[in-house]
Amino acid sequence: MRSSKILFFILILALATACGGGGGGGSGNSTAKTLVSISLTPTNPSIAKGTVQQFTATGTFSDNSTQNLTTSVTWTSSVTAVATISNAAGSNGIATAATAGSTTITAASGGISKATTLTVTGGGSANVIPITVNGALCSDNSYPNKPCISVMVCDPAPGTSSCQTVTDILLDTGSYGLRIFKEALTVLPPVTGNLAECIQFGDGTSVWGPVQTASVILGGEPAVQVPIQVIDSTFGALPAGCLNADQSLAVARYTGILGIGLFTHDCGTTCVNSANNGIYYSCIGASCSGTTVSLSKQVQNPAALLPQDNNGALVQLPGVPPGGTSSVNGNLILGIGTQSNNMPSSATAYSASSTTGEFTTQLSGSTYSSFIDSGSNGFFFTPPPAIQLPACPAPNAAWFCPASTMSLSATNTSASGAPSGPVPFQIGNFISITANASNSVFAEIGGTYRGSFDWGLPFFFGRNVFVGYEGSTSSLGSGPYWAY
Amino acid sequence: MKRSLYALLFGLGLAAAFLTAAGRVQATLGESEDSVASDETALAAARLSTTAHNGYRVRELQTDSVAVREYVTPAGVIFAIAWNGLIHPDLTPLLGSYNDEYQTALRHTPREPGRRRLHIQTNQVVVEKWGHMRNLQGRAYAPALIPPGVSVDEIK
């Protein structure tokens, strides 16, 4: 029944076409109508990995008329690894999302073009970034309890397709901002600015190099344009604080550092106001002198610049069995209370100092200023007089070697004075625990420290640890705070 | 008594040595407190305060990014320095004649990845650094110059 109707329709259509031959058509004369602009819909869409998006290009002409140009423009995708887009008849303007990230979609015709950004999410969990502690994301040149992630770095110029994935990035809650050794970077353009910086660490080591804007993609989140430090000890001339600057990633034993601690900028207001800050320098040729730097140009945490999931982060690592294991896998989940996977339902928040990021730890009658640092690989503190924690024999004298594993309990207290909560932890014999060469992840190693209490990576094992950024809020309160 | 006399002589000796060193007046540890003035220049610092303690006094210098405390014996010899701030200060002017010994020891100290501290002990000087971004800290002292009755725990 239906097919006979269609046949009839086709017959009528064929007759009409035959009779109308040579009639000149109804589209009017085509004199001197030129294309003025192109618009794209939708603009800046976000789709899940494995799905498709139909883009439509509409042309506006010199006579103010508009026309659908989807089948006649040329479509391009800047990062074909993220998404491809078709110019084939029947599928013009259809983008296919391959991997999480961002790409620029451009429609062009006769010298006129229009671009929009297509963001591809990781399939419902765009804010999840895998962590391996001494696993696949760490280089072979690693050390015990080293948490590694990968980040995607792209040339920041619009419309370019240069992106690379960099692994062996140390996940560090004790610093702020992204730094990567130049020798590992292939996609950034040559340095054109003068800004460089000297970053010193607690152990007296330092990294030096220019500050460059990169387009950085964390997990399946949209790309952010952010100043990063390109670690390069050959850039300009080393200032006094960086005379010992790391010369290679082989020496540093990481390819880069992502600092996702409590502060959003590596220096902050001191470097806005003072040129004599000892961190930022302006280099003309080999001559570098101290300079002020606005907050927007300082090296800063890319995760705090995201359009969403930007108020903090959750570090999730599994528990580690006594005696250790070879590697563990976990997740860095961006945002606090912004998605179903980062709800702080059972966490207690502890505020931190707005100048140092520290709070207070008490252990057996001793009181310490303290911090939580995924970039430290053990529990580090000066043992209180009441606790006997003998040092190991040389060359491991900076580690604790009690005869048997000791179960301890400290109390952490907000910088504001309340709340307080207990933190049970264990310290074992470093020599015997690390004797098994096939293991690189240990929950119960610690060593001597001076002054403060350093809750290193073992603190994270078996805990959900929330990092609340300064200047941001969540249901846990206003940053800077830790919550677990 | 004998030790403080030694300290004074040691300090004066060093001060004399460095005054002859062609205009480069920038040393502190083990030297007379007069060198605090040169440190102010070297560090572009403002002197904040002097506080008296039992057996010594502390002078504090403040730059835009680090506070440096200089520990001075009653005889006027600087026996220790400590600091905290956004950076570790340049120790070259602060360690003075002890700097070469420190640098040599530093070169022979293996790196400890994953640690946020440095501990260097030579025959004459102890240098310690610790902390993290936004709160770097440290101290350096000459054990032989510490006045009797003063504990190293007071250097902080």
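A: We can, and we start with a definition: two strands are said to pair if DSSP finds at least two bridges between them. Please keep in mind throughout that this is a predicted model.

Q: With that in hand, what is the strand order in the open sheet of four strands in chain A, and what kind of pairing does it have?

A: In general, strands of a sheet pair through backbone hydrogen bonds, either parallel or antiparallel. Here the four strands of chain A follow the order β2-β10-β9-β6, the sheet is open, and its pairing is mixed. At its edges lie β2 (46-48) and β6 (74-77) of chain A, each of which pairs on one side only.

Q: Which strands form the open sheet of three strands in chain A, and in what order?

A: The order is β1-β4-β5 in chain A, and the pairing is antiparallel. The edge strands, pairing on one side only, are β1 (35-41) and β5 (66-68) of chain A, and neighbouring strands of this sheet are turned against each other by 25 degrees on average, direction ignored. Strand β4 (residues 56-61) of chain A is joined to β5(A) by three bridges and runs antiparallel to it; Thr60(A) has Thr66(A) in β5(A) as its bridge partner.

Q: Let us turn to the backbone. Where are cis peptide bonds found?

A: One cis peptide bond joins Thr41(A) and Pro42(A), with omega at about -10 degrees, and Pro42(A) belongs to the loop between β1 and β2 of chain A. Another joins Ala418(A) and Pro419(A), with omega at about 0 degrees; Pro419(A) is in the loop between β27 (406-413) and β28 (420-427) of chain A.

Q: Which residues other than glycine have a positive phi, and are they buried or partly exposed?

A: Asn44(A), which is not a glycine, has a positive phi of about 45 degrees, and its place is in the loop between β1 and β2 of chain A. Asn44(A) counts as partly exposed because 13 other C-beta atoms lie within 10 Å. Asn134(A) has a positive phi near 55 degrees and sits in the loop between β11 (128-133) and β12 (147-154) of chain A. Asn134(A) is buried, because 21 C-beta neighbours lie inside 10 Å, where the cut-off for a buried residue is 20 or more.

Q: Finally, what does chain B contain, and which of its elements touch chain A?

A: Chain B has four helices and seven strands, which run α-α-β-β-β-β-α-α-β-β-β from the N terminus, and 49% of its 156 residues are buried. The contact between the chains takes 28 residues from chain B and 38 residues from chain A. On the side of chain B that touches chain A, the elements giving two or more residues are β5 (117-121), β6 (126-132) and β7 (135-141) of chain B, and β6(B) gives the most, with five residues. The residues of that side comprise eight nonpolar, nine polar and 11 charged.

Methods. Residues are numbered from 1 along each chain as its sequence is written. Chains are lettered from A and ligands numbered from 1 in the order in which they are written. This is a predicted model: local features need pLDDT of at least 70, side-chain atom pairs count only at pLDDT 80 or more; totals for chains, interfaces and linings use all residues. A residue is buried if 20 or more other C-beta atoms lie within 10 Å of its own, exposed if 12 or fewer, and partly exposed in between; C-beta atoms are placed from the backbone. Two residues are in contact if their C-beta atoms, placed from the backbone, lie within 7 Å. Ala, Val, Leu, Ile, Met, Phe, Trp, Tyr, Cys and Pro count as nonpolar, Asp, Glu, Lys and Arg as charged, and the others, Gly among them, as polar. Axes are lines fitted to C-alpha atoms, for helices over the stretch in contact, and angles run from 0 to 180 degrees between N-to-C directions.
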